[in-house]
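Thank you all for making the time this morning.

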Amino acid sequence: MDFFVNDIVWWKISLNGLMNGWIPGILTFLLGLLFSKILDHRKLKQKLKNDILEIFIPVFNSGESISMPMADEAYRKLIATFNAYKRIYPGMFDREAERKLGELLSEGFIVDGEINKKFFEPDTIQDLIKGL
């Protein structure tokens, strides 16, 4: 049974107001929240990669001669930062690049008393970090 007053069906008017006013506003708000979350995720990922690159580039890719203690300290900072980011933000990085960089860093900076040969190729390490 419909509720008629002056030949107006009030439930149709209120449903029309809901469909035209409230639902588009609520959907726009939810899409805005989703878009904000995606952008924050991308910004955080870029910041984490930049932090790792800021440790790596000045020491290993500067083109200048560096001392062993300075390189070893930079390696320790690099591995500590990378492992901390992996623990704090699991699933943030690309799995393949994360695995390759993790293997490279776990091999160590000094292997059998000599510098790891992979650290003589800073471009490949830099590309791995950028690929995270």
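This is a predicted model: local features need pLDDT of at least 70, side-chain atom pairs count only at pLDDT 80 or more; totals for chains, interfaces and linings use all residues.

Is Leu18 buried, exposed or partly exposed? Its relative accessibility is 39%, and because that value falls between the 20% and 50% cut-offs, Leu18 counts as partly exposed.

For the protein chain as a whole, the accessible surface comes to about 9500 Å², with 60% of it belonging to carbon and sulfur atoms, while buried residues make up 27% of the 132 residues.

Turning to the arrangement, the protein chain has four helices and four strands, and from the N terminus on they follow the order β-β-α-α-α-β-β-α. Among contacts with a separation of 6 or more, 65% are between residues 24 or more positions apart.

Finally, a word on one pair of helices. Two packed helices are described by the angle between their axes and by the distance between those axes. Here, the axes of helix H2, residues 68-88, and helix H3, residues 95-107, come within 11 Å and cross at roughly 140 degrees, and the crossing of H2 past H3 is left-handed. On the H2 side, the residues that meet H3 are Tyr75, Leu78, Ile79, Phe82 and Lys86, and their counterparts in H3 are Glu98, Leu101, Gly102, Leu105 and Ser106.

Methods: Residues are numbered from 1 along each chain as its sequence is written. Side-chain values use heavy atoms; hydrogens and water are left out. Helices (H or I, at least four residues) and strands (E, at least two) are DSSP runs, numbered from the N terminus. Buried means under 20% relative accessible area, exposed over 50%, partly exposed in between (1.4 Å probe, protein chains only). Contact means heavy atoms within 4.5 Å. Accessible areas come from the Shrake-Rupley method with a 1.4 Å probe; for residues, only the protein chains shown count as cover. Axes are lines fitted to C-alpha atoms, for helices over the stretch in contact, and angles run from 0 to 180 degrees between N-to-C directions. A crossing is left-handed if the near helix is turned anticlockwise from the far one by less than a right angle, and right-handed if clockwise.
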